[in-house]
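Please look over the structure shown here before reading the report that follows. It treats a surface patch, a helix, a set of charged contacts and the confidence of the model in turn.

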Amino acid sequence: FFLLMLAVEFLRRYNSLFKKYMFIILQPLVRPYENKNFMSGTYLIAISLIVLVVVPEELKYIVILSISYASICDAAAAVCGLNYGKIVLFNNKTLEGSTAFIISGLIITFIYLSFSPELFIENNLLFVLFCPFIAGIVELLTTMKYDNVTVPLFSTVYLLATSAL
């Protein structure tokens, strides 16, 4: 996926025919700052590859949670923040979007917990349940351009650190 995204990025920038058709397809999804830089999805796939390689096999649930927070929760925050956001906090992000991020993160954590409770029994459950709050704060404080890097990175580091307790 990473190589495919790099190919799309390259073609999007340097092939006028590809750029024209990609503009029609992707323009509603591409933020203005992504027109001249990498798309956020490219950053997410790159950092996902890194955490997937770095995290030990027995702790792969950490990768799943971290990537889920970055993709699903970030999307929930964007939808709620753009459509319902009234109270701007930092970096043009809203309280409503941040709340959606945290609530969706808790839902993801509980869903994952229901499928793999044994993974969390070994670790301190309270620390795992606190991760969506940490990820939400990181997302809030990071500019939109890089939150697809910081959220999975900080979530992974946090969950790795707490799994060692």
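F90 is located in strand β1, and it counts as partly exposed because its relative accessibility is 46%.

## Helix α7

Helix α7, which covers residues 125–141 and has 17 residues, reaches 25 Å from its first C-alpha to its last, close to the expected 24 Å. The helix bends by about 30 degrees at C131, and a proline, P132, follows within four residues. Both C131 and P132 are among the buried residues of α7, which also include V128, L129, A135 and E139.

## Salt-bridge network

The structure holds two salt bridges. In one, the side chains of E139 and K93 meet at 3.5 Å, N to O, and this pair links distant parts of the chain, with E139 in helix α7 and K93 in strand β2 (residues 93–94), 46 residues apart.

The side chains of D147 and K93 also meet in a salt bridge, at 3.3 Å, N to O; here D147 in helix α8 (residues 147–163) is linked to K93 in strand β2, 54 residues apart. Through shared partners, K93, E139 and D147 are joined into one network. Both E139 and K93 are buried, and D147 is buried as well.

## Confidence

The mean pLDDT of the protein is 83, and 84% of its residues reach 70 or more. Confidence is highest in helix α5 (residues 95–115), at a mean of 92, and lowest in helix α6 (residues 117–121), at 62. Where pLDDT is low, predicted coordinates should not be read in detail.

Methods:
Residues are numbered from 1 along each chain as its sequence is written. This is a predicted model: local features need pLDDT of at least 70, side-chain atom pairs count only at pLDDT 80 or more; totals for chains, interfaces and linings use all residues. Side-chain values use heavy atoms; hydrogens and water are left out. Helices (H or I, at least four residues) and strands (E, at least two) are DSSP runs, numbered from the N terminus. The expected span of a helix is 1.5 Å times one less than its number of residues. The bend at a residue is the angle between axes fitted to the seven residues ending there and the seven starting there. Buried means under 20% relative accessible area, exposed over 50%, partly exposed in between (1.4 Å probe, protein chains only). pLDDT is the predictor's confidence in each residue, from 0 to 100. A salt bridge is a side-chain nitrogen of Lys or Arg within 4 Å of a carboxyl oxygen of Asp or Glu.
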